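Here is a short briefing to read alongside the model. Have the sequence and the structure open as you go.

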Amino acid sequence: MSGLSHLDSDGRARMVDVGDKSVTARTATATGRFITRPDVVAMVRADHLPKADVLATARIAGISGAKKTSELIPLCHQIALSSVKVDFELGENSILITATARTTGQTGVEMEALTAVTVAGLTLHDMVKAVDPAATLTDVRLEEKTGGKRGHWTRDGSIEPDRTKPQVPRPSTAAVIVASTAGAVGAREDTTGPAIAEWFRARGYSVDAVTVVADADIAGELARVVATAPAVIITTGGTGMSPSDRTPEATSAILDREIPGVAEAIRARGLTVTPKSALSRGLAGTAGDTVIVNLPGSTGGVKDGLAVLDGLLEHLVAQVAGGGAHE
C-alpha cells in the first residue's frame with residue numbers, strides 16, 4: 001500500500017503534502033463519450049431540445065465542476081486554475097467531451113480535467129433525459145498531462161523528465177514536424193516538411209530535423225522536440241476536423257501563451273484561395289521561449305502560412321527573446 005500516494009504507511013487515507021514539490025506549469029486533458037440516439041444528437045446540434053442551449057449549459061457546468069473538484073473529491077488540493085476548456089464533438093450517435101485544465105503550481109490538474117468531463121456529461125444527461133432516459137456517459141479517461149517530475153505523459157506513452165518548457169532556446173535553430181499517418185508508414189511521400197526546412201535555411205536558420213509521425217504520435221513528438229529547445233517549431237498537418245487530427249490539441253497542451261493573431265492571419269490568407277481554410281484549427285504560441293506554429297498539411301496551406309510568417313517571424317522571435325520593439 002505504500003505505493004499509493006494517498007495512503008500512509010499504515011494504509012490510512014491522507015492528503016499528500018506537496019509543499020516540497022516544484023512549482024511548474026501543469027496541464028491535463030481528459031475525454032468522455034456521451035452516447036445517445038442519432039435523433040437526439042441532431043436535436044442538440046439544432047438546439048431543438050426542450051431545455052435550450054444544451055452544449056453551452058454543459059460547458060459552463062463542466063468548468064464549474066473543475067473549479068469545485070476539491071469540494072467533491074475529499075483528498076484533492078485546492079488549485080488556482082489558470083484556465084479550463086470544455087469542448088464537444090458531435091458524432092452520429094454520441095458526443096465526445098474534451099476538457100483541458102491548466103495551472104501553475106505544485107500539484108497536477110488531472111482530477112480537475114476528469115471532473116470537468118464528468119460534470120459536463122451529467123449535465124448532458126439532465127438536458128436530454130426527457131427524450132432519451134437511456135443515454136449513457138462512458139469512457140471517461142485521462143488522455144495526457146504535462147508538468148511535474150513525471151513530465152509529459154500521454155495514453156500512448158510518457159516522456160521523462162519534464163523538459164517541455166525550455167528556458168533558453170538555441171538562437172536561429174528550427175525544427176519541423178509533419179503529422180501524417182500515411183507519411184509515417186511510407187504510404188505517401190511528404191513534400192511539405194522539406195519545403196518548410198528549405199524556407200528556414202533561406203532565412204539563416206539551422207534546421208535540426210524534419211520528422212514525420214502518425215497523427216496519434218504528434219503530442220509525444222512535439223514534447224520531445226520542444227525539449228531540445230529550438231527557437232522555432234513549425235508543424236504541418238493534423239489541423240482539420242477528421243477524428244485523427246490532434247495537432248491543435250497537442251499544441252494547446254504545451255503552450256504557455258497563445259498568439260491568436262498569427263493563426264488568424266494564416267487562416268485569412270488561406271481564405272483568399274479556398275473557403276476550406278476556415279476549417280483549419282491551427283494554433284500559434286510559445287512554449288517557454290520556443291515559438292510554435294501549426295500549418296495545414298496541404299502544400300497550398302503551407303505556402304500561405306509561410307507567406308504570413310515571412311513578415312512576422314523575425315520580429316516575433318526577437319520579442320520572445322526579450323528584444324525588438326513592441327509595435
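Leaving aside its neighbours within four places in sequence, which residues is E112 in contact with? With those neighbours set aside, E112 is in contact with A66, T69, H77, I79, L81 and A101, where contact means heavy atoms within 4.5 Å. Please keep in mind that this is a predicted model, in which local features need pLDDT of at least 70, side-chain atom pairs count only at pLDDT 80 or more, and totals for chains, interfaces and linings use all residues. Residues are numbered from 1 along each chain as its sequence is written, and side-chain values use heavy atoms, with hydrogens and water left out.

**The chain overall**
- The chain has 11 helices and 12 strands; helices (H or I, at least four residues) and strands (E, at least two) are DSSP runs, numbered from the N terminus.
- Of its 327 residues, 46% count as buried (under 20% relative accessible area, with exposed over 50% and partly exposed in between; 1.4 Å probe, protein chains only).
- Among contacts with a separation of 6 or more, 72% come from residues 24 or more positions apart.

**The charge at E112**
- E112 sits in helix α4, which spans residues 110-128.
- E112 is buried yet has no salt bridge (a side-chain nitrogen of Lys or Arg within 4 Å of a carboxyl oxygen of Asp or Glu).
- The nearest side chain of opposite charge, R26, is 10 Å away; Lys and Arg count as positive and Asp and Glu as negative, while His and the chain ends are not counted.

**Positive phi outside glycine**
- D139, in strand β4 (residues 136-146), has a phi near 55 degrees.
- D139 is exposed, at 52% relative accessible area.
- S172, in strand β7 (residues 170-179), has a positive phi of about 55 degrees.
- S172 is partly exposed, at 40% relative accessible area.
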